[in-house]
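Trainee: Can you walk me through this one? I would like to start with how the chains meet.

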Amino acid sequence: MDWGGIIENTFRGLIGEQFIYFGLAAIGLNMHFGYTGLLNFGQAVFMAAGAYGLSMAVATLGLNFWWGLVLGIVVFPLILAAIMGVPTLRLRADYLAIVTIAASEMFRIIARSPSLDRWTGSSDGLTAFANTFYDFSPFDTQKRYFFGLFIGNQMWVVLVGWIVLSLVVLAVFLMMRSPWGRVLKAIREDEDAARSLGKNAYWFKMQALAIGGVFGALGGMLRAIGTQSAQPQSFITDITFFAWVALILGGAAKVGGPVAGAAILYGILNFTDVFLRNSVADGWMPEWLMTGTQVGQVRFMMIGLALILLAAFRPQGLFGSKEEMALDDR
Amino acid sequence: MSHRPVSKQRVNPVTSVLRTVVAAVVAVLAIAALAPSVASAQSDDAEVKGRLQARDAEGERVGVGGVEFIASDLSGNEIARGVSDEEGNWSIQLPPGTYDVLLNVDTLPDGRELRNPDKNPAQVRLIEGDSKSALFPLGEAQASTSSEIEIVQLTVDGLKLGLIIAMCAIGLSLIYGTTGLTNFAHGEAVTFGAVMAYLLNVTGIFGLRIHLLIAAPLVIVISGCAGWLFNRFVWFPMRRRGASLISALVMSIGFSIFFRYVILYQFGGRAKRLTDYQLQTAWDLGWFRLLPKDLVIMVLSIVVLLGVGIALQTTRVGKAMRAVADNRDLAESSGIDVERVIRWVWVTGTALAGFGGVLFATTESINWEMGFRILLLMFAGVTLGGLGTAYGALFGSISVGLFVQLSTLVIPTDMKNVGALLMLVVILLVRPQGLLGRKERVG
């Protein structure tokens, strides 16, 4: 049992790449669900919008990196928000849930379809679109940084990720202090009351969906840059629920909730993952109970279980307050 | 919107016995699932082998089983035969020499044909200890030339798909109607049915394989029990605590993921097939071709759906279901035991979904994600018909089945489900209450 490796990976989960990607996605979900009460089960598609916006701009259309940023952060997520929001935001909450989860499935089918290979690279996805990003890296690709946790290029992704994450947290904090943020909370608490005060609830919900989607797209784009590939497999439906667990675990409707949640979640997931892998490799784990390929499935089971238990027993998460909880008393 | 706490139930002696029986059944099935399969190792001088694969409707590679391979020497005398297994693997043990390996085209399943028919038979030379592969790439059969015939064929296929979706979706719609829960875990009830059928039919219990005709009713019973358990130990306590519908919905998503990955963990990621009724020759009826099993499936589902319709219309519990779905408070105040009705809805809904899973497994293959895919088609169907209405679910699902199949006339086959999901978005845009739903504010 390689305890050094286990501790290193756990620590990496707490602050590393996965924490950044899913922290951003969870902040977006917080905008949707925590503050506005929207049930977005398709955050993975917003992440994919960021990833494919950049990679298709550079690898398929041959535009430069900066146009890729515009496409991935602004154009794709806004189009997506319009597609998912316009039909559903006037309706009861579960219709948005159905349409967003259907959008994830549509993304999967379209992105994997061999007939669109020319545009999306189908199952293999797209690569070689992030060179400009790494050209700016001040770090030596050969050296390890931050207590030896990250090699040069990773360090650059993580550093940019931390900066983006901090800026987004600051933005959410300022937005929620503004009158605009109070309208969102009012819609979450009682949409009819907000409407009777002359607020256009539909339009506010639309804005919240789009802004949260942009945050998700940032997470997805960083993920594509960090792994240097945009693949359908990285943005399957179940990915959304990693962000959901991060959000509910940390506490919805708190500015820092999703960030803390993502850190704790990935600490736990990385710990179990490496621990189980070590157990299998060392032969501690009986083979009929778990094999190497089955280890990867355990984290999805944990996500499912975490959603069940949190929703049933602690909807406010670790740091949230029960008063501000869209999960409760509806 | 939250439900009032429900009065405490009397503990029924029958229920506790039933609970024990169910627990025993579950334990037995778990043991059967864990029992390792015995692989037989053969040895001969040399072998020729291969893996016969084709792309399914999703564009994924699946094995093609039950196809016969014949090895003959160069003067045409047959030496040995082999048949591909469910994953498409086949091998023939042979003494060293040169052989013609022929794929018996008559044994190919319907709709599959060789991409290079002139490379069949393939010649292989084997020396001692050799293990050589012979490749037979498969392609889609050429679509029939006349487009009217194609439309009729696709309509028949779509009707079959729609009937199965309808069977699965009635439970989804009734559960929504009576409890207000959008149950995202309903797709896993379909997968559960299919996997149970596989356990009974292919894995077998203590080495005893049960014929599909007996396995199917068993699966219906097991699924019904599972639905009862799910309601009794998860949703009933949640209702009693007065949990919000949103947290129930998030929980159902959690269950969907959890069950799906437990099934993947146990069942593996590869698509599998049942043993019975796999190899059938299609009847050519001029306008369209139909496998005998598909006819049986369509007739069976029509019978079951009619039965459900009649039960909803005439029996006490059926009427009570519609009453609760229509107006829960009114139903309760007129003396209907709402919890009993909900229990019935869970049992029948899950049993029907399980049966739908068996039918799916019979026509296509079993796969750990199948239920989730079907769930989205169910949502499309149920929304089209009107969420919460049983007849709406029926009508909407059949429309979705037809739409999915007929859309392949325009869009590539691997993207056919996209059409149905887009339709879902369009319906919500123009008529959110569905075609048969009541016009009321759904926001």
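**Chains, domains and a sheet**

Mentor: Chain A brings 42 residues into contact with 39 residues of chain B, where contact puts the C-beta atoms, placed from the backbone, within 7 Å. This is a predicted model, so local features need pLDDT of at least 70 and side-chain atom pairs pLDDT 80 or more, while totals for chains, interfaces and linings use all residues. Residues are numbered from 1 along each chain as its sequence is written, with chains lettered from A and ligands numbered from 1 in the order written.

Trainee: Now chain B. How is it divided into domains?

Mentor: Domain 1 of chain B covers 13-34 + 144-430, and domain 2 covers 47-140. The bounds come from an automatic or database domain assignment.

Trainee: How many Å separate their centres?

Mentor: The centres, taken over C-alpha atoms, are 37 Å apart. Their contact takes 12 residues from domain 1 of chain B and nine from domain 2 of chain B.

Trainee: What is the strand order in the open sheet of chain B?

Mentor: The order is β5-β4-β7-β9 (chain B), with antiparallel pairing. Two strands pair if DSSP finds at least two bridges between them.

Trainee: And which strands are at the edges?

Mentor: β5 (78-83) and β9 (122-126) of chain B, each pairing on one side only.

Trainee: How many bridges join β7 to β9 in chain B?

Mentor: Five. T98(B) stands opposite R125(B) in β9(B).

Technical notes
Helix = DSSP H or I, 4+ residues; strand = E, 2+ residues; numbered from the N terminus. Contact = placed C-beta atoms within 7 Å.
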